[in-house]
Amino acid sequence: MSSSRVAVVTGSNKGIGFSIVKSLAKNFDGVVYLTARNEDLGLKAVKDLENLGLSVQFHQLDIDDQESIDKFAKYIKEKYNGLDILVNNAAIAYHHRENDQTSEIERVENTIRINFTATLNLCNALFPLLRPHARVVNVSSRAGFLSNIKDHKWIERISSKIFTIDETVELLKDFIQLSKTGQHVDLVSNCYAMSKIGINLLTKAQQVLFDKDPRQDIVVSSCTPGYCATDMTSYTGPLTPDQGAETPVYLALLHKNWNGPKGEFWADKEYLDWKNIENKQKNN
Ligand SMILES: NC(=O)c1ccc[n+]([C@@H]2O[C@H](COP(=O)([O-])OP(=O)(O)OC[C@H]3O[C@@H](n4cnc5c(N)ncnc54)[C@H](OP(=O)(O)O)[C@@H]3O)[C@@H](O)[C@H]2O)c1
């Protein structure tokens with residue numbers, strides 16, 4: 001068994017995830033895992049980094065496949081029996097393309113399932129392996145600002161208290177239920193935004209549990225990378241993926257015995273109150 005420190009980044013064959021791996025390979029004192037659901041794309045990305053003189057490890061990981069999650073968790077447990085950094089970067093966003101036959105209900109279900117439920121499932125499998133001082137970064141978005149909720153009862157529901165994980169799961173189930181009759185459109189601008197609100201709530205709920213955990217100083221944060229030029233945005237964002245990686249990497253490398261904000265949302269390396277409805281921005 002290796003005693004190395006270990007970092008894992010999901011969905012890192014391209015885009016911001018790839019840049020996060022690149023930066024961790026330069027700045028983290030340990031082994032960095034580039035993971036991808038498609039093995040060929042993942043191995044190609046590893047080669048691209050090797051061509052830059054950077055060495056990282058690869059493992060297949062589809063966060064939407066419980067078997068793949070379990071295999072990966074078993075591998076990390078057997079090889080390292082520990083994990084120091086987990087960056088939950090993998091996500092999807094639908095675009096309005098004329099030839100896309102995906103129904104709105106499917107879009108809602110797929111987006112919530114991959115961006116929220118699959119991320120939670122991976123956390124459930126990997127959190128038992130986190131070592132003291134571990135850092136977890138849940139890549140979110142400014143789309144996940146509470147100000148993107150249009151219904152005042154839902155604003156009240158979300159802002160009234162700190163949610164538990166179960167309550168967050170329940171909230172998203174209610175959202176999916178509303179999508180079956182098309183009422184979800186009165187709630188929020190799009191389902192991607194709802195999935196990221198879920199991630200922000202989850203982050204706080206996870207921190208509440210870490211605060212009571214015997215493993216000391218585990219910090220989980222959510223953040224926006226900013227609006228970046230990637231496949232997800234059809235290359236419309238003004239920032240490069242490398243620039244987008246800066247805040248997630250900053251949070252992944254927070255120093256030992258961190259006394260700053262925990263379980264909170266960050267943008268441009270600064271804490272931001274995502275529940276403040278004065279904070280308005282839909283896209284990133
Ligand atoms: N780009 C922006 O402006 C922006 C703004 C705010 C937040 N974000 C967030 O930043 C993160 C990265 O976005 P990006 O712009 O880099 O997107 P991207 O270029 O579309 O990359 C997304 C990555 O996630 C992977 N992925 C999707 N589903 C997966 C699954 N089930 N299992 C494992 N990996 C999966 C994709 O793999 P494949 O290649 O196999 O599809 C890809 O590697 C996301 O969380 C996104 O919501 C992006």
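The following paragraphs describe the overall fold of a predicted model, then one of its helices, its aromatic pairs and several loop residues.

The predicted chain contains nine helices and eight strands. Its radius of gyration is 18 Å, which agrees with the value near 19 Å that a compact globule of 284 residues would have. Along the principal axes, the C-alpha atoms occupy a box of roughly 50 × 45 × 35 Å. Of the 284 residues in the chain, 52% are buried, and the accessible surface amounts to about 13300 Å², with 48% of that area belonging to carbon and sulfur atoms. Among the contacts with a separation of 6 or more, 74% are made by residues 24 or more positions apart.

Helix α6, which spans residues 165-179, comprises 15 residues and extends 21 Å from its first C-alpha to its last, close to the 21 Å expected at 1.5 Å a residue. Its buried residues are I165, T168, L171, L172, F175, I176 and S179. When the helix is viewed down its axis, these buried residues of α6 fall within an arc of 140°, so they line one face of the helix.

A search of the whole structure identifies seven aromatic pairs. One of them joins Y33 and Y80 in an edge-to-face arrangement, with 6.0 Å centre to centre and 80° between the planes. This pair links distant parts of the chain, since Y33 belongs to strand β2 (residues 31-36) and Y80 to helix α3 (residues 66-80), 47 residues apart. Both Y33 and Y80 are buried. A further edge-to-face pair is formed by F145 and F265, for which the distance is 5.7 Å centre to centre and the angle between the planes is 65°. Here too the pair links distant parts of the chain, with F145 in the loop between β5 and α5 and F265 in strand β7 (residues 265-267), 120 residues apart. F145 counts as buried because its relative accessibility is 2%, under the 20% cut-off, and F265 is likewise buried, with a relative accessible area of 0%.

Turning to the loops, P128 is located between α4 and β5 (130-139). P128 is exposed, its relative accessible area being 60%, and a value over 50% is what assigns a residue to that class. Apart from its neighbours within four places in sequence, P128 is in contact with C123 and R215. The C-alpha atoms of P128 and A73 are 9.6 Å apart in space, although the two residues are 55 residues apart in sequence.

The loop between β6 (219-223) and α8 (241-244) contains T230, and S234 and Y235 are also placed there. T230 counts as buried because its relative accessibility is 9%, and, not counting residues up to four places away in sequence, T230 touches G15, I16, Y235 and P241. S234, by contrast, counts as partly exposed at 40% relative accessibility, whereas Y235 is exposed, with a relative accessible area of 52%. S234 has a phi near 50°, a positive value in a residue other than glycine, and Y235 has a positive phi of about 60° although Y235 is not a glycine.

How values were computed. Residues are numbered from 1 along each chain as its sequence is written. This is a predicted model: local features need pLDDT of at least 70, side-chain atom pairs count only at pLDDT 80 or more; totals for chains, interfaces and linings use all residues. Side-chain values use heavy atoms; hydrogens and water are left out. Helices (H or I, at least four residues) and strands (E, at least two) are DSSP runs, numbered from the N terminus. The expected span of a helix is 1.5 Å times one less than its number of residues. Buried means under 20% relative accessible area, exposed over 50%, partly exposed in between (1.4 Å probe, protein chains only). The arc is that of the directions from the helix axis to the C-beta atoms. Contact means heavy atoms within 4.5 Å. The radius of gyration is taken over C-alpha atoms; the globule rule is 2.2 Å times the number of residues to the power 0.38. Accessible areas come from the Shrake-Rupley method with a 1.4 Å probe; for residues, only the protein chains shown count as cover. Rings of Phe, Tyr and Trp (its six-membered ring) pair if their centres lie within 6.5 Å; planes under 30 degrees apart count as stacked, over 60 as edge-to-face and the rest as tilted.
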